[in-house]
Structure formats: C-alpha cells, structure tokens
Amino acid sequence: MWTSQERKRVDTCDVVIVGAGLVGAAVAAHLAQNGIGTAVLEARSVAGGATGRSAGMVLTGLPGHYNWAASAYGRQKAQEIWALTIEGRERLVEMANRLNVPVQHTGSLALAVEETEADALRESAVLLQEDGFEARFNPRDILDRGFCAALRQPDDVTVDAAELTRALLDSSGVTVHEGTEVYDLEPEGDNVRVWAQGRTVLCNAVVLAVNGYAPLLDSYFADKVAPTRSLVFATDPLDGMVLDVPCSADYGYETCRQLPGRRLLLSSWRRPRTGGGQEPEADLDDVVQLGLARFAERHFPDIKVAGAERWSGVMGFTDDGLPLVGTLPHLPQVYFAVGLGGRGLPWAFVAAERLIALMWRDADPGILSAQRLGGTAAL
Ligand SMILES: Cc1cc2nc3c(=O)[nH]c(=O)nc-3n(C[C@H](O)[C@H](O)[C@H](O)COP(=O)(O)OP(=O)(O)OC[C@H]3O[C@@H](n4cnc5c(N)ncnc54)[C@H](O)[C@@H]3O)c2cc1C
C-alpha cells in the first residue's frame, strides 16, 4: 500500500525557489540566466502575496524618517541603508526597462501629519543633504490636504510590481508551479527533499522567498520574522488626478497614490508585534481599517472612500526593519531572503543579489545577514 507521500510526483532539479513574489522572481531570473536548472513552487499564484497587493511605490529609505534612522542605527548605517534602497530602486528600474514594464518617474512626498513630524522631516532633510542624498523640505501643506509639511525625494518611482514579477518569470523561462504549497524540507544526503502539494522535488539547494510566511515554513524564523497585515482601499477611477505624486504620511504608516487609471489607493499597516507568530486577524483588521478610514476622512474628505474595493496582504517584518538573508542552521543548503517589510520593492533586488552572492561565493550578506539577529544562524 502506498502512502499519499509516495504517490506524489517526484522531480529533480538544481534549485527550487519557494515563493513567486518579486524576490523569488529576481532570484529565478538570475539562476536561469546562468544555466541553473530552476523550478519555482508557489502556494497561490505568481505575485499572489505582498508583491501583487502592494501599492507599487518604490521609495528611498525605511518607513521611519532619516533623523530617526540616524539615531536608531547610527549615522553611517542609516546612510548605508538609504543608499542600498536607492541601489535597489535603480536595479528595479533597469530590469523594468529591459522587460518593457512601465515605470512612472514621479518622485515621492513624505507628509507630516503633525508639527512634531514636520520637525522630524526638517531635520531629516538637513541630514540627508549632508549625507549626499536628494531631499527637499517644504514647510507648507503643498497638497492643500491638511498636512503640515513635506519632504520630496525626486528620484522615487512607481511600478506595477505584479506585472514586473510576471515579466521577470516569463523572460527567465523558469517553470512556475502555482497552487503548490511547500510544507516540509528534509535533508537527503547532500541534497534537500522539498515536500509540496502534489509533488516532491529532490534538489541541490532551496531558496526561500516567502517573506512574511517564513515562520509557517520553518520554526527558525519564529522569533525573527513577524507577519504583519497591510490594508489597501482602492476607489473607483476619479474624474481627474488629485495626486500626481505617491505619498507616505504619519511616519510611513499611511500611504496614498493615484494609479495611472485614476483610481486612488490608500494604504495602511500597523506596527509589527515582536516575537513572531501570526497576528490575530479580526483585531488587526479592525484597528487598521479604522485608522485608514480616519486618514481618508481627514485628508481626502472630497473623495468617496466608503464602498471602495479593499484588499490586504501579509508582510514580514524583522525587529530592525531590514530584510534577512542567510541559510538555515540545520539545513545549510536552504538559503533565504525574507522579512522584506513594508517597503520591500526596492529591497527585493538587493536581497536577491546578496542571496545569490552567498550561494555562489559564500559572500557575507553584510547588513542583511541573518547573523545580526544572533541565535544560531549559521552562514
Ligand atoms: C497591501 C500592501 C501594500 C504594499 N505596498 C508597498 C509599496 O507601495 N511599496 C513597497 O516597497 N512595498 C510595499 N509593500 C511591501 C512589498 O509588497 C513586499 O515587501 C514585497 O513585495 C515582498 O516581496 P517578496 O517576494 O519577498 O514577498 P511576497 O510577494 O509576499 O512573495 C512571497 C510568496 O511566497 C508564497 N509562499 C509563502 N509560503 C509558501 C509556501 N509554503 N509554499 C509556496 N509558496 C509560498 C506566497 O504565496 C507569496 O506569493 C506592500 C505590502 C502590502 C501587503
């Protein structure tokens, strides 16, 4: 009598990538280009996770303002983080151009919702300029929507992240198995056996690109990646353009952007819980929905938001807000780039590059290394 696992379809390949978001797609494209036999296993559909639900804003830096980052991380590390997000944006734009995926070169605004935040933006602008970054502070409510001040980052862009992910995977020629959730990874000699819905794959190495779902796949991530939900309201197309630039507000907890088709997107998320684990969904949905509805009422009272389409997605946050790149201590053939956070689009290409350098050359992932979080992360 065969067990259900023995009846599964058995495949082999060089590398299995788990997760077809932007990170998984970026890694897949690179491996395929270098002749590595690669397969992608995706629980839902291509870009069915955070990537496809994102607002598509490719913004420099982290959600907190630069003055906060300079004191939280130290000036030099804050500078390195901001520079890396610029590098990630440039990689993303290069790739989008190569694949004919439209990119809107809009710049972005960070908006202050109170005077204290306006002070933070003023100070951040000074520090950013001293550190060689483009940033312009304006002490007025330039959108005339009840904000106190604005900081403009002129080189930020927007993109349809799902379209970019699909284009990357299509151009790579890599086979993507959708509806194929991976539920176990097991050593087998020098190889890894990947157990998934409907199939099992024996491979030399695995790449986990599962972002906020990492703790569900391996307990190593339980205290390192906190799943956090973000919510989007998307209005019907408006008569005209009310926002020609994507904005983040309230220390990055709310964002707003009008799509080329004139729909207005309003998005919000809540501080992650520390210690990992799933968020209690009902409680979180209430808090985030209420906060986002209040933001809309206060700053977009002229726009009908009630009845807008809503969607949410899970993001993975690390305690220090930076992605996590490394290998599993108990399964060193399993590489990961997870915990991309609320501004993961510019990080995606940086995290993918660091992961590939770790795979090929055993190169230290630097500030993205999992070793920084202590514990038993082995590289
Ligand atoms: C509502 C929302 C709005 C956002 N807006 C922005 C924004 O404007 N700008 C920005 O920079 N960032 C934004 N983000 C964050 C950004 O989308 C993410 O940081 C980024 O897309 C992460 O990419 P990823 O490939 O790491 O993860 P994901 O896109 O989440 O991909 C992970 C994939 O792994 C799959 N998966 C998980 N577990 C398994 C398993 N066991 N087996 C197989 N497959 C599995 C998932 O289905 C998913 O497709 C937003 C996020 C959300 C949720």
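**View 1. Val-232 in strand β13.** Val-232 sits in strand β13, residues 226–237. Strands (E, at least two residues) and helices (H or I, at least four) are DSSP runs, numbered from the N terminus. This is a predicted model: local features need pLDDT of at least 70, side-chain atom pairs count only at pLDDT 80 or more, and totals for chains, interfaces and linings use all residues. Residues are numbered from 1 along each chain as its sequence is written. Val-232 is buried, with 21 other C-beta atoms within 10 Å. Buried means 20 or more such atoms within 10 Å of a residue's own C-beta, exposed means 12 or fewer, and partly exposed lies in between; C-beta atoms are placed from the backbone. Leaving aside neighbours within four places in sequence, Val-232 contacts Arg-53, Ala-55, Leu-265, Ser-267, Arg-310 and Trp-311. A contact is two C-beta atoms, placed from the backbone, within 7 Å. The C-alpha atoms of Val-232 and Glu-254 are separated by 9.8 Å, with the residues 22 apart along the chain.

**View 2. The open sheet of eight strands.** The strand order is β6-β7-β5-β14-β15-β16-β13-β17, with mixed pairing. Strands β6 (136–138) and β17 (309–317) stand at the edges; each has a single partner strand, so one side of each is left without a neighbour in the sheet. Two strands pair if DSSP finds at least two bridges between them. Neighbouring strands are turned by 20° against each other on average, direction ignored. Axes are lines fitted to C-alpha atoms, for helices over the stretch in contact; angles run from 0 to 180 degrees between N-to-C directions.

**View 3. Strands β15 and β16, with helix α5.** β15 (residues 254–258) and β16 (residues 263–269) run antiparallel, joined by five bridges. Gln-258 stands opposite Leu-264 of β16. Helix α5 (residues 115–130) packs on the sheet and touches β5 (108–112), β6 and β7 (149–153). The direction of α5 makes about 35° with that of β7.

**View 4. Strand β19 and its partners.** Three bridges pair β12 (residues 199–208) with β19 (residues 331–338) in the parallel sense. Val-206 faces Val-334 in β19. β18 (residues 324–328) runs antiparallel to β19, over five bridges. Thr-327 has Tyr-335 of β19 as its bridge partner. Two residues lie between β18 and β19 in this hairpin.

**View 5. Helix α6.** The 12 residues of α6 (161–172) should span 16 Å at 1.5 Å a residue; the end C-alpha atoms are 17 Å apart, which agrees. The expected span is 1.5 Å times one less than the number of residues. Buried residues of α6 include Leu-164, Leu-168 and Leu-169. Gly-173 follows α6, with a positive phi near 75°.
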